[in-house]
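Trainee: Could you take one part of this model and go through it closely? I would like the overall description to come before any single residue.

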Amino acid sequence: MEKVKLFATWSSPFVKRIVWALKLKNIEYEIIYEDLANKSPELLKYNPIHKKVPVLVHNEIPICESLVILEYIDETWKDACPLLPKDPLDKANERFWAKFGDELVLPSFFGYIMKQGKDQEEAKEATLTHLKRIEQLLSEKEFLSGESFGFLDLAFGWLAENARPLEVVTGLKLLDENSFPNLCTWKDKFLEIPAIKESWPDQETLILKYQEIKESKGK
Amino acid sequence: MGKSCEIKLLGTAPSHFVNRVQFVLNLKSIEYEFIDENLNCKSELLLTSNPVHKKVPVLIHANKPPILESLIIIEYLDEVYHDIHPILPSDPLERAHNRFWANYIDTKYFPLFEELRRTPGIEGKKEVKKQLDEASELLEEVFVKSSNGKAYFGGDDVGYIDVVLGCFLAWIKFVEKLNKFKIFDEVRTPKLLEWTNRIWSHEALKDAICGSEALTNHYAMLQIKKP
């Protein structure tokens with residue numbers, strides 16, 4: 001029996017993609033929620049370099065960095081629900097856009113949500129520019145990974161998952177149907193995938209949790 | 001290397017990201033056409049191939065859509081030409097560790113060199129050097145574990161981390177000379193020091209890296225453009 005543990009937090013977009021991958025491939029695992037203000041000795045032992053979540057521990061051996069973990073899961077449990085395509089060029093393409101998402105789209109999106117004033121305006125402009133490229137990717141495809149969902153959809157899943165809850169709580173809207181019709185359609189389809197739909201926290205719980213954070217910060 | 005090469009690589013000689021791809025192409029004995037880009041006046045081909053980042057390296061294989069980002073290009077070449085000199089190991093766990101350390105080198109180790117360049121004054125640079133020393137000692141541990149007593153991170157022959165770190169050696173030597181200190185030495189990083197001599201003289205790398213004059217010019221340009 002393989003032993004799989006995942007060190008996580010409920011809010012990390014990088015953790016969620018791992019949860020989804022494990023569910024899609026029907027892999028049993030134990031989840032350990034970390035308090036990042038008070039990291040467990042285990043987390044520090046398994047990820048001494050970055051001290052971050054997610055960390056996947058498989059038979060006592062840790063793997064860190066979410067995109068590295070995703071590829072590890074895909075290569076180790078390769079029969080159930082393959083995430084990356086077989087063709088090397090298609091794979092390279094998905095890896096490129098996943099990196100683009102993590103390095104540029106995600107920081108600017110959350111920057112827009114959390115910053116103020118001029119910084120917020122700049123983050124908004126940057127996010128809109130980046131989102132236009134993703135919108136373009138979906139112009140001829142059902143999902144980011146093609147005919148069916150895969151690696152790249154999981155990599156951008158944070159966008160599908162957080163767009164509405166954050167809009168409800170902060171009033172800030174980035175994914176509007178007029179500017180990003182493809183992204184909005186993709187978002188709804190993504191959230192309907194059973195493994196995604198059934199994972200915690202769901203959309204309503206996210207709204208409650210973000211609301212709690214907003215109130216505790218007195219914003 | 002004729003003009004009808006299946007593989008075109010857009011790049012510039014002083015870029016260690018470009019050198020990585022050249023190293024891998026050489027290791028796999030793949031012929032390619034090198035298109036030398038002037039980064040101050042980027043070609044139409046570069047701008048249309050990489051509209052998002054407008055950077056090198058860019059690999060174009062048989063007129064298919066271009067492949068971008070050095071590590072992504074290396075994995076592509078490794079998958080397409082998997083029979084000749086594999087770069088990544090086949091075991092998923094070892095692959096994950098290789099990818100993790102390549103990411104560490106690119107996102108944590110190299111930026112320290114950039115910070116060193118941009119930090120004025122000797123005291124400031126000393127602080128950055130301390131962080132560099134810690135990071136280099138960490139890489140020494142990684143080398144000892146990965147190589148398992150053999151010559152390279154990849155074992156008996158050059159592997160992924162050897163390519164990722166090895167191509168940066170020209171810059172490391174340049175930085176050592178400029179600042180009059182050592183990044184790798186016999187006391188703190190003895191195994192890595194031995195490794196640098198080995199990789200520096202590797203057949204497949206030797207003609208992929210440029211001389212110190214080109215590096216000096218590139219450094220000077222960076223000092224002006226990104227002080």
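Mentor: Accessible areas here come from the Shrake-Rupley method with a 1.4 Å probe, and for residues only the protein chains shown count as cover. By that method chain A exposes about 10,600 Å², with 51% of this area supplied by carbon and sulfur atoms.

Some conventions apply throughout. This is a predicted model, in which local features need pLDDT of at least 70 and side-chain atom pairs count only at pLDDT 80 or more, while totals for chains, interfaces and linings use all residues. Residues are numbered from 1 along each chain as its sequence is written, chains are lettered from A and ligands numbered from 1 in the order in which they are written, and side-chain values use heavy atoms, with hydrogens and water left out.

Now the fold of chain A. Its secondary structure consists of nine helices and four strands, where helices (H or I, at least four residues) and strands (E, at least two) are DSSP runs numbered from the N terminus. In sequence order the pattern is β-α-β-α-β-β-α-α-α-α-α-α-α. The radius of gyration of chain A, taken over C-alpha atoms, is 17 Å, close to the 17 Å that the globule rule (2.2 Å times the number of residues to the power 0.38) gives for 219 residues, so chain A is as compact as a globular protein of that length. Along the principal axes, the C-alpha trace of chain A spans about 50 × 45 × 30 Å.

Next, packing and charge. Of the 219 residues in chain A, 53% are buried; buried means under 20% relative accessible area, exposed over 50%, and partly exposed in between (1.4 Å probe, protein chains only). A contact means heavy atoms within 4.5 Å. Among the contacts in chain A with a separation of 6 or more, 69% come from residues 24 or more positions apart. Chain A has 30 positive and 37 negative charges, and their mean positions are 4 Å apart. Lys and Arg count as positive and Asp and Glu as negative, with His and the chain ends not counted; each charge is placed at NZ of Lys, CZ of Arg, CG of Asp or CD of Glu.

Finally, one residue of that chain. Leu36(A) sits in the loop between β2 (30–33) and α2 (41–46). With 44% relative accessibility, Leu36(A) counts as partly exposed. Leaving out residues up to four places away in sequence, Leu36(A) touches Thr9(A) and Val53(A). Phe109(A) is 73 residues from Leu36(A) along the chain, and the C-alpha atoms of the two are separated by 22 Å.
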